[in-house]
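I opened the model to look up a few local features and kept notes as I went. The entries follow in the order in which I checked them.

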Amino acid sequence: MAKRNRPDLSEAELRRMLLERRRQDRARRLATFRRDGDLAETQGQRAEPLEGESLSGPKVYADPNLRLQPAAETPRRKWANRLLLAVEVLAVVGLAIILVSSLNLLSELNQQVRAVFEDTVGEASATPLIGIVVLPSGHTPPDSAGGPQPNEAEIPEHLRPAQQAYRAAISIPTPGPQQPIAIQINAISVNAPVVQGDDWEALKRGVGQHIGSANPGQQGNLVLTGHNDIYGEVFRYLGDLQVGDEVTVFTADQSYTYVVRWVEIVEPTDVHVMNPTDNASLTLITCHPYRIDTQRVVVRAELVN
């Protein structure tokens with residue numbers, strides 16, 4: 001059987017035929033798209049170049065009137081969206097409730113603190129100052145019923161709780177070489193030990209230094225107290241001192257000499273004589289009159305060496 005003669009084509013002719021066939025196929029597809037209204041070819045563009053690469057042909061653009069329709073929402077998706085919206089709304093409402101509650105609680109706490117503060121300030125203004133109320137060494141006369149006792153009657157009744165609190169708060173300092181250990185007053189033949197504290201028990205053992213007062217030789221007021229008619233009558237003749245008399249106070253390693261500047265008889269409530277001073281001074285206190293003990297003898301001396 002005789003074979004059909006096929007024309008010999010060059011490579012360029014074969015490429016042209018292939019491109020022509022592709023162009024025709026694309027033209028048919030574009031015509032279909034155009035007919036359906038899906039695509040529109042731009043003006044002035046050729047569907048397919050006759051020569052060159054097929055990928056460099058004309059661009060195809062979407063129809064400007066084309067509108068994409070959203071995907072249909074299923075009932076399940078619709079209820080899920082509604083549930084998420086409800087959760088978000090509840091979360092916002094919950095946060096708002098928490099914020100309002102926090103603000104109300106803060107306001108209530110502030111009011112309570114303010115009320116407590118006002119009550120405290122009011123009580124403080126009505127309560128006597130906790131401190132020394134009467135001069136130390138006060139006691140009932142030795143011949144009174146039951147013998148000598150701390151004389152609480154000297155303290156105003158409304159100040160007694162404050163005085164008790166003051167005494168309870170006092171703590172004896174740690175012994176040190178700067179504290180007084182003895183006192184000597186040659187003019188009235190006094191040579192006695194000095195202990196810490198001027199309460200009832202301390203004054204049974206000698207002359208007592210008021211806790212918190214200055215130490216010998218230091219700037220300030222060194223306050224020493226002793227009994228005049230009980231427990232040795234150490235300050236029996238304290239009221240007989242004269243201006244210029246010397247008082248010597250001893251520490252563990254030194255002695256200090258004070259000179260009397262004045263002597264006074266005062267009421268038990270004249271506690272100002274125990275106030276701190278700007279210079280190194282000494283204040284001696286005892287009861288007066290002898291075996292009556294309704295007042296105090298106060299001697300003020302100043303350091304001279």
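**Entry 1: Tyr231 and its loop**

I began with Tyr231, which is partly exposed at a relative accessible area of 37%. My cut-offs are under 20% relative accessible area for buried, over 50% for exposed and partly exposed in between, with a 1.4 Å probe and protein chains only. Tyr231 sits in the loop between β6 (220-225) and β7 (246-250). Helices (H or I, at least four residues) and strands (E, at least two) are DSSP runs, numbered from the N terminus. I noted a positive phi of about 50 degrees for Tyr231, although it is not a glycine. Most residues other than glycine have a negative phi.

Glu233 is in the loop between β6 and β7 too. Its phi is near 50 degrees, again positive in a residue other than glycine. Glu233 is partly exposed, with a relative accessible area of 28%.

I also looked up Gly244, which lies in the loop between β6 and β7. Gly244 counts as partly exposed at 41% relative accessibility. Which residues does Gly244 contact, leaving aside neighbours within four places in sequence? They are Val259 and Val260, where contact means heavy atoms within 4.5 Å.

**Entry 2: what the model is**

This is a predicted model, so I kept in mind that local features need pLDDT of at least 70 and side-chain atom pairs count only at pLDDT 80 or more, while totals for chains, interfaces and linings use all residues. Residues are numbered from 1 along each chain as its sequence is written, and side-chain values use heavy atoms, with hydrogens and water left out.

**Entry 3: the chain as a whole**

I count three helices and 10 strands. Along the sequence the pattern reads α-β-β-α-α-β-β-β-β-β-β-β-β. The chain has 305 residues, of which 31% count as buried. Of the contacts with a separation of 6 or more, 61% are between residues 24 or more positions apart.

**Entry 4: the largest pocket**

I looked up the largest pocket next and found about 440 Å³ of space in it. On a 1 Å grid over the protein atoms alone, a pocket is an open set of points where a 1.4 Å probe fits, with protein on both sides within 12 Å along at least five of seven lines; lining residues have an atom within 4 Å of a point. The volume is the space filled by probe spheres set on the points. There are 25 lining residues, and the closest to the pocket centre are Gln163, Arg167, Asp198, Asp199 and Trp200. The lining divides into 11 nonpolar, eight polar and six charged residues. Helix α3 (residues 160-169) gives the largest share of the lining, three residues.

**Entry 5: helix α3**

Which residues of α3 are buried? I found Ala162, Gln163 and Tyr166. Seen down the axis of α3, these buried residues fall within an arc of 100 degrees, so they line one face of the helix. The arc is taken from the directions from the helix axis to the C-beta atoms. The face turned away from the buried side of α3 carries the exposed residues Pro161, Gln164 and Ala168.

**Entry 6: two buried polar side chains**

Glu154 is in the loop between α2 (75-126) and α3. Glu154 is buried, with a relative accessible area of 14%. Its side chain makes a polar contact of 2.8 Å with that of Arg296. A polar contact is a pair of N or O atoms within 3.5 Å; within protein, one must be able to donate a hydrogen and the other to accept it, and residues adjacent in sequence count only if both atoms are side-chain atoms.

Gln209 is in strand β5 (residues 207-209) and counts as buried at 2% relative accessibility. A polar contact of 3.2 Å joins its side chain to that of Asn215.

**Entry 7: a cis bond**

I ended with the peptide bond between His288 and Pro289, which is cis, with omega about -10 degrees. Pro289 is in the loop between β9 (280-288) and β10 (295-303).

Methods:
Ala, Val, Leu, Ile, Met, Phe, Trp, Tyr, Cys and Pro count as nonpolar, Asp, Glu, Lys and Arg as charged, and the others, Gly among them, as polar.
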